[in-house]
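Hi,

Here is the structure I said I would pass on.

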Amino acid sequence: MINALQSRGLRLADPKAGVESRRGGAGPSDHKAITIGESTVMVPVHTAPAFESPFVIEQPDASGRARIFHDGAAVAEARFPARPRFYDLSTEDGVPYSKIAVLHGRDVLATTVLQTCIRYQSRAKTCRFCAIGQSLAAGRTIERKTPAQLAEVARAAVALDGVKHMVMTTGTPPGDDRGAAILTESAAAVKEAVDLPIQAQCEPPDSDRWFDRMKASGIDTLGMHLEVVSPDVRARIMPGKAEVPLSRYFEAFADAVEVFGRGQVSSYLLAGLGDSVEAILETSERLIALGVYPFVVPFVPISGTPLESHAPPDAAFMHAILGPLSAMPRAGGLTAETIKAGCGRCGACSALSTYERSAR
Ligand code: SF4
């Protein structure tokens, strides 16, 4: 069901239902969070396939409950998470908190610390799935979130909405640290303000000493995202980022696990962009052997990106990966629940954690 919803998307009978959708940004986007049973999942609602989806969710009642229909028949009941209270606040200098960080899934505070990227400046280099500049251009966020702003919003999101962990991602700035420096200063400020587990996400920095500095600043877990894995797919989908060879990622994974611990380093793998089932499973196996959690998510075509017309993977393709993958992390001593912070712990962008639960 979750695979099918994430593949086909969801039409909204009431476009205003639920928390404001996540549009644009650095990661998978154009989603809305809904909770089905125990699982909160991000489901595409603003993508081209979603507008044609056979799944429709009715207008929610006063408590946020609504039924999902497939070709006219009710197939599930869902809940929309309540609008976070911190969205009503602004900084003293008038920046709405929601332009600094947003709620992801059920209880994750997420921010893109730097909303620009060296790879986004040219069509020839940009990752073709990425929309990091779109929410900035649309005025939904600000370019650089200062450590003080992040600390202020994190404190409020914990106090008012009970967020449990935080994801800090970043566009890649010029320089050898690849974003590690701004993540380090941001995490230090947040940790001083509030006790909140933090995942930082960046490309592998050129020096592995950054891992020690990141850890010392209060970053609990680290995401370094391969996105796609086969050489031809890397060159086609992310021509700039593919200049960093896979061998560098794997060196950095090994060094990061030394610092953060097994299971506290993860990598996003986007399924549906050309990598075969076998390539994704082989890479996942290699990552798990190193102690890195492979967070495999279905690709979502974001409106306005070069891949907006690229079909998302179908449910059968995701099942072919997530079925065999579901038992692999646990066998390697890694589980979503023991990840201290971040996408693997949240799990809302993939059905992987649902598969893991049923594989036990
Ligand atoms: S899995 Fe990561 S990107 Fe997806 S909703 Fe959760 S925190 Fe956000």
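In α5 (180-193), residues A180, A181, L183, T184, A187, A188 and K191 touch W210, R213, M214 and S217 of α6 (209-217). Contact here means heavy atoms within 4.5 Å, and helices are DSSP runs of H or I with at least four residues, strands runs of E with at least two, both numbered from the N terminus. Sorted by class, that contact has seven nonpolar, two polar and two charged residues. (Nonpolar covers Ala, Val, Leu, Ile, Met, Phe, Trp, Tyr, Cys and Pro; charged covers Asp, Glu, Lys and Arg; the others, Gly among them, are polar.)

Before going on, note that this is a predicted model: local features need pLDDT of at least 70, side-chain atom pairs count only at pLDDT 80 or more, and totals for chains, interfaces and linings use all residues. Residues are numbered from 1 along each chain as its sequence is written, and side-chain values use heavy atoms, with hydrogens and water left out.

Back to the helices. The axes of α5 and α6 are 8 Å apart, at an angle of about 15 degrees; axes are lines fitted to C-alpha atoms, for helices over the stretch in contact, and angles run from 0 to 180 degrees between N-to-C directions. That makes the two helices roughly parallel (under 35 degrees; over 145 is roughly antiparallel, 65 to 115 roughly perpendicular, and the rest oblique).

On α5 there is another contact, where E185, S186, A189, V190 and A193 meet P147, L150, A151, A154 and R155 of α4. This one divides into seven nonpolar, one polar and two charged residues. The axes of α4 (residues 147-161) and α5 come within 8 Å and cross at roughly 40 degrees, so α4 and α5 are oblique to each other.

What ties the loops beside α5 and α6 together? R178 and D206 form a salt bridge between their side chains (3.4 Å, N to O), the term meaning a side-chain nitrogen of Lys or Arg within 4 Å of a carboxyl oxygen of Asp or Glu. R178 sits in the loop between β9 (165-169) and α5, and D206 in the loop between β10 (198-201) and α6, so the pair links parts 28 residues apart in sequence. The structure has 13 salt bridges.

Cheers
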